[in-house]
Amino acid sequence: MKGRPLAAIVSAGLSKFGKRDGFSSRELFAEAVKEAFDTCPNLDPKKDIKALIVGNMSEAFEHQCHSAPIMSDWAGILPAPSVRVEVACASSGAAIRYGLFAIISGLCDVVMVGGFEKMTNRTTLEATEYLAMASDFPLEQWNGATFPALFALMATAHMHKYGTTEEQMALVAVKNHHNGTLNPKAHMQREVTVEQVLSSRIIAKPLKLFDCSLISDGASCAILTRPDIARKYTDTPVYIIGSGHGTDAIGLYERDDLTSLKATRIAAKEAYDMAGLSPKDIDVAEVHDCFTIAEIIAYEDLGFCNPGEGGKFIESGAPTLDGSLPVNTSGGLKAKGHPVGATGVAQLYEIFLQLTGQADKRQVDDCEIGLTHNLGGSGATCIVHIYRRG
Amino acid sequence: MSEAAQFTIEQFYRFIAEKKIMAVKCENCGKILIPPRPLCPNCLSTSLKWIQLKGRGKLLTYTVIHVAPEKFQHLVPYIFGIVELDEGVRLPGIIQGVKPEDLKIGMTLEIDFKVDIPQTWPQWPRYFFKPP
């Protein structure tokens, strides 16, 4: 069997994503934690969990730094040491990776990883400004860039180089909205058509409102253990068998290629090599569709199709639920929502459900190998994990 | 120009205020760095010197921003792009003096300056691009 287990996932939890008026991030985190504890009765959280690594992008939303101890406290696992990791929208993807390091080091047998972001308490203008902080300040932000604008620059370049179309990008939104209707925890619970996407208002040409992911509230968590003790906690563990982390210059203008993200290619290669697998082995994937173009570029950078063929890949139907490689069965960032710090572990949660046969109406038949792809900023950070059914 | 000018972003914008687009060239490996830095990320040398760029280049990619941060709302919709300067380095920025429908990847653009220095940090002017 390929893929030496690095750690086991024995349980996971996810809050409902959406506009969670009246709830702050610590309450949302407790909601995710409750699910993870309730579904893992053999776990004694106070005794077993040796650390919490939690991803969160911005203290600006809730005026709260030093949030890691709060999350340990609200999870009821004090005095478990906790730390917040931040690499923009890849913060909880990084939490998974540093959770792995804690397990592999031998220092911890059981750790909790998680993520959270409260966003909808702010106006769209405020949220846009806080999110833009993940791009380069001195040249990009100072000179008028927005986050959607950076991905729009990639979209324009991709369209120019490969002939990718706005219709192909719209198909990503249509697919992910459909999947979101099958996920009760998704923020957005409605179908959209290509025409609706194309006629939605322009945010940063060629990206329109329906090409953009959602500003959402949410939290996620998972319990990782040493592989050899996983069955003490569950009969159906999922193993993490590959982990990759790519880093690139923060400024899009500093990168050689505007149609591909080098950080993704580096992270994917590291994860595939570690797992001893190739893209054709992947049965189901959650990729970082912060904008529709990002999903198209991810198909290419992850090796699901050749460079430049991401538009044709979505057109072929391959990444739809009944296609050859379903992508973003959860609805993705586009429809499930994108509480940025929660996203990496939320992707893991979906793969955990899929590989343990718990994905209900959106269950992919007979899936054994899953992948998550989590981007930070405009692609200066990418974290890829590969999972195998236990 | 002072010989003592530090290889900092602050200094880059002081030059912008003088309507000069200045980069740092590594005297060891020849890499041009913009914005300037005190350490060449290519060869780790600190043997650096200022060079003035011509301020001309070709448009690599662009977008038209309709939803903008507060400071830029008065410009909406505005064009934002990445320009590859003749010296081979790239800069992002707002493009003025051209209609969105007339934009073409590969078109020549020049840097111009808007020397309007804010009262609070960061006290930086801005540059922008326009057709020659």
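**Close-up 1. Arg255(A) sits in the loop between strand E8 (238-247) and helix H10 (262-275) of chain A.** This and the following views come from a predicted model. Arg255(A) is buried, with a relative accessible area of 4%. Its side chain meets the backbone in two places: the backbone oxygen of Ile250(A) is reached at 3.2 Å, and the backbone oxygen of Ser378(A) lies 3.0 Å from a polar atom of the Arg255(A) side chain. Setting aside residues up to four places away in sequence, Arg255(A) touches Asp248(A), Ala249(A), Ile250(A), Leu261(A), Ser378(A), Gly379(A), Ala380(A) and, from chain B, Arg90(B). Of these, Ala380(A) is 125 residues apart from Arg255(A) along the chain, yet their C-alpha atoms are separated by 9.4 Å.

**Close-up 2. Thr259(A) belongs to the loop between E8 and H10 of chain A.** Is Thr259(A) buried or exposed? With a relative accessibility of 5%, Thr259(A) falls below the 20% limit and so counts as buried. A polar contact of 2.8 Å links the side chain of Thr259(A) to that of Asp257(A). Beyond its neighbours within four places in sequence, Thr259(A) is in contact with Ala157(A), His158(A), Lys161(A), Tyr162(A), Ile297(A) and Glu300(A).

**Close-up 3. Helix H7 (residues 147-162) of chain A crosses helix H11 (residues 292-301) of chain A.** Two packed helices are described by the angle between their axes and the distance between the axes. For this pair, the axes come within 9 Å and cross at roughly 60°. H7(A) and H11(A) are therefore oblique to each other, and their crossing is left-handed. H7(A) brings Phe151(A), Met154(A), Ala155(A) and His158(A) to the contact, while H11(A) brings Ile293(A), Ala294(A), Ile296(A), Ile297(A) and Glu300(A). By type, the residues of this contact divide into 7 nonpolar, 1 polar and 1 charged. For readers coming from the previous view, His158(A), Ile297(A) and Glu300(A) are among the residues in contact with Thr259(A).

**Close-up 4. H1(A) and H3(A) pack at an angle of about 45°.** Their axes are 9 Å apart. That angle makes H1(A) oblique to H3(A), and H1(A) passes H3(A) in a right-handed crossing. Which residues meet where H1(A) packs on H3(A)? From H1(A) come Ser25(A), Arg26(A), Glu27(A), Phe29(A) and Ala30(A), and from H3(A) come Ile70(A), Met71(A) and Trp74(A). The residues of this contact divide into 5 nonpolar, 1 polar and 2 charged.

**Close-up 5. Helix H3 (residues 67-74) of chain A has Ser67(A), Ala68(A), Ile70(A), Met71(A) and Ser72(A) as its buried residues.** What do these buried residues of H3(A) pack against? Their partners are helix H1 (25-38), strand E2 (52-55), strand E3 (82-85) and strand E4 (110-117) of chain A. Just after H3(A), Gly76(A) takes a positive phi of about 75°.

**Close-up 6. Arg97(A) has its place in helix H4 (residues 91-104) of chain A.** Its relative accessibility is 11%, so Arg97(A) counts as buried. The side chains of Arg97(A) and Ser243(A) are joined by a polar contact of 3.0 Å. With residues up to four places away in sequence left out, Arg97(A) touches Ser243(A), Gly244(A), His245(A), Glu270(A) and His385(A).

Methods. Residues numbered from 1 in each chain as written. Chains lettered and ligands numbered in written order. Predicted model: local features only at pLDDT ≥ 70, side-chain atom pairs only at ≥ 80, totals over all residues. Heavy atoms only, no water. Helix = DSSP H or I, 4+ residues; strand = E, 2+ residues; numbered from the N terminus. Buried < 20%, exposed > 50% of the residue type's maximum accessible area, 1.4 Å probe, protein only. Polar contact = N/O pair within 3.5 Å; in protein donor to acceptor, adjacent residues only side chain to side chain. Contact = heavy atoms within 4.5 Å. Axes fitted to C-alpha atoms, helices over the stretch in contact; angles between N-to-C directions. Parallel < 35°, antiparallel > 145°, perpendicular 65-115°, else oblique. Left-handed = near helix turned anticlockwise from the far one by under 90°. Nonpolar A, V, L, I, M, F, W, Y, C, P; charged D, E, K, R; others polar.
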